[in-house]
Amino acid sequence: MNPMQLLVIGGVAGGLSFATRARRLNEEAEITVLERGPDISFANCGLPYHIGGEIPNRDSLTIQTPENLKEMFRLNVRINCNALQIDREKKRVLVVDRISNEQEWISYDRLMLAPGARPLMPDIPGVNDPAVFTLRNLQDMDRIIEMTRPGMRAVVVGGGYVGLELLEQLHKKGLRISLVQLHSHVLTYFDKRVIQPLQDELHVNGIETWFNNHFTAFNREGDVLKCQLATGDVLEADMVIFSIGVRPESDLAREAGLVLSEAGHIVVNEFMQTSDPDIYAAGDVVQTRERYFGQRVAVALAGPANRQGRVAADHIFLQSLAQPYPGSIGTSIVRLFGMVAAGTGWTEQALVESSRSYNTVTVHEHQHASYYPGAEMIMLKLIWEPETGIVLGAQATGRDGVDKRIDVLATAIIARMTIDDLCHLELAYAPPFGTARDIINIAGFAATNMRDGLVQLINYIPDDPAVQILDVRPAPIAKKAPLDGAIHIPYATLRKNLGKLDRNRPVIVICMLGRTSYFAARVLAQKGFHAVSLSGGLRGLGSTEKGGLYAPCSPCATC
């Protein structure tokens, strides 16, 4: 019996995880991997950090070579080879060697499509100028490094993960940076209040920002690139790097007649099979399912790509023992000048767009004991389903410990844990590592308090004369950053000063972090007032919102 012929189009995460898992399951299969570029396996997530010098050795980005893969896994790796056509009827692929220009047909029994996605570029005049870049591979990285010099003017277009990583690393190299972002804030898939600390981090580090804007043209004038913005402003730059998203490399699949989504992703089933059962697909090119509600999603992250490749190989060789791909929840993280943002699961914005019911709370706590040196505040937003209490999503920002909390909550989402479960999670505690009541516990407490009617929460300060705004921050902090129109009564003196409030008018209670305002709201509720607490406090409000006083304060007994 002839050995099975496996053909893989695309290396890196999805393709190589499939090929190496297939080899571990079947020693006899003939496995060929095609890669259009010169590098079969490289750490594309590390590219920005080599540009900035944090990863000093370029060779460390090369994870595997064709020689290593042949020696370790007996893979036939062919670099600089491009797939031109899939003949599904004869089960073969037309391939061209990009060096010799020779073409040949390669047969397969099973085909894996893992070509990834390519960076988006706008179709505008001047976009092909040699000083305009995208970052996808090692060669793009080399060109950017070769051009950069301290003092240069660089424009980063797009405030997503890669855009922010590039911005940070170019700033580290001494370049003058401008950020152009189509939307009102960076990381548009995060909720705006949570991401406010990153917005502030941009300004603290001298990054010029152009939000709600985009480029319409580039014009070369000598050594200067004139960058025309939609608002009419013109930026002068030495280099421009676009990071505005990706488009799936699905042209080959489309021409072969495979089913694609409206956005062009290859549609696969739970075992990563396309509409042709002998053709599988994995990675950035595919559309799978969201893990909780089951709707179709595309998640361009390395972790899902690796696991999807493994699922496909298991389905071929383990058959009935193979476990389906359960779906993605989009757990992700990014660092910007020491500030970290991470998220998992559903966002509030996505739930609104899907017309699904949800509740949220925003809480703050130190990443470890406040009395232990180096304590830093974390802001955490928790999202859950009102009917069941099941955790749907979470987002967090802070300088330390954010990754740990989001990873725990990603596990909670996959386990379909509830807000009650979060209250009693037993997490590691010692002063250098955590707090006796971790911020995840506190988020659970706040959520159950809301569910049980112990507190009403609001996410903004309304401009309503019928409402009393009660500021319960300590006097020195309130004096340093006063809130116009608010009645200031420090929480410690609230019970003695209830006469300053009108019992017939609702009260919105505010503090810096949202904890003391909850304490005060409980006092007022038991004294006959209709009191609502500002969720997350003033710390998370943007500067355009009433009371947006993102002014860091020192920890005190009440906050």
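Start by selecting helix 6 (192-204), where Arg193, Val194, Ile195, Gln196, Pro197, Leu198, Gln199, Asp200, Glu201 and Leu202 are buried. Buried here means under 20% relative accessible area, exposed means over 50%, and partly exposed lies in between, with a 1.4 Å probe and protein chains only. Helices (H or I, at least four residues) and strands (E, at least two) are DSSP runs, numbered from the N terminus. You are looking at a predicted model, in which local features need pLDDT of at least 70 and side-chain atom pairs count only at pLDDT 80 or more, while totals for chains, interfaces and linings use all residues. Residues are numbered from 1 along each chain as its sequence is written, and side-chain values use heavy atoms, with hydrogens and water left out.

**Stop 1**

Ten of its 13 residues are buried, so helix 6 is largely enclosed by the rest of the structure. Its end C-alpha atoms are 18 Å apart, which agrees with the 18 Å that 13 residues should span at 1.5 Å a residue; the expected span is 1.5 Å times one less than the number of residues. Just after helix 6, select Gly206, which takes a positive phi of about 75 degrees.

Next, select helix 5, residues 161-172. How many of its twelve residues are buried? Nine are, so helix 5 is also largely enclosed by the rest of the structure. Those buried residues are Tyr161, Gly163, Leu164, Glu165, Leu166, Leu167, Glu168, Gln169 and Leu170. To see what covers them, show helix 2 (47-51), strand 12 (153-157), strand 13 (176-180), helix 6, strand 18 (239-242) and strand 24 (332-336), which are included in that cover. From first C-alpha to last, helix 5 reaches 17 Å, close to the 16 Å expected. Just after helix 5 comes Gly174, with a positive phi of about 95 degrees.

**Stop 2: the nonpolar cores**

A nonpolar core is a set of buried Ala, Val, Leu, Ile, Met, Phe, Trp, Tyr and Cys residues joined through side-chain atoms within 4.5 Å. Select Ile31, Val33, Leu75, Ile86, Val93, Leu111 and Leu113: of the 50 residues in the largest nonpolar core, these touch the most other members. The largest share of this core, five residues, comes from helix 8 (residues 302-317). A second, separate core has 34 residues, including Phe133, Phe190, Met239 and Ala341.

Now zoom in on Val93, in strand 7 (residues 92-97). Val93 has a relative accessible area of 0%, so it counts as buried. Contact means heavy atoms within 4.5 Å. Leaving aside neighbours within four places in sequence, the contacts of Val93 include Leu7, Ile9, Ile86, Trp105 and Leu111. Ile9 is 84 residues away along the chain, and its C-alpha atom is 9.6 Å from that of Val93.

**Stop 3: two packed helices**

Select helix 1 (residues 12-25) together with helix 8: they pack at an angle of about 35 degrees, with their axes 7 Å apart. The axes are lines fitted to C-alpha atoms, for helices over the stretch in contact, and angles run from 0 to 180 degrees between N-to-C directions. Among the residues that meet are Ala13, Gly14 and Phe18 in helix 1 and Ala305, Gly309 and Phe317 in helix 8.

**Stop 4: a buried loop residue**

Go to Met272, in the loop between strand 20 (266-267) and strand 21 (279-281). Is Met272 buried or exposed? At 0% relative accessibility, Met272 counts as buried. Beyond neighbours within four places in sequence, its contacts include Tyr280, Val286, Gln308, Val311 and Tyr325. Gln308 lies 36 residues away along the chain, with 6.8 Å between the two C-alpha atoms.

**Stop 5**

Select Ile55, in the loop between helix 2 and strand 4 (62-64). Ile55 counts as partly exposed, at 24% relative accessibility. Not counting residues up to four places away in sequence, Ile55 touches Gly46, Tyr49, His50, Ser60 and Leu61.

Next comes Asn212, in the loop between strand 14 (208-210) and strand 15 (215-221). Asn212 is exposed, with a relative accessible area of 53%, and its phi is near 50 degrees, a positive value in a residue other than glycine.

Finish at Ser355, in the loop between helix 9 (348-353) and strand 26 (359-366). Ser355 is exposed at 68% relative accessible area, and it has a positive phi of about 55 degrees although it is not a glycine.
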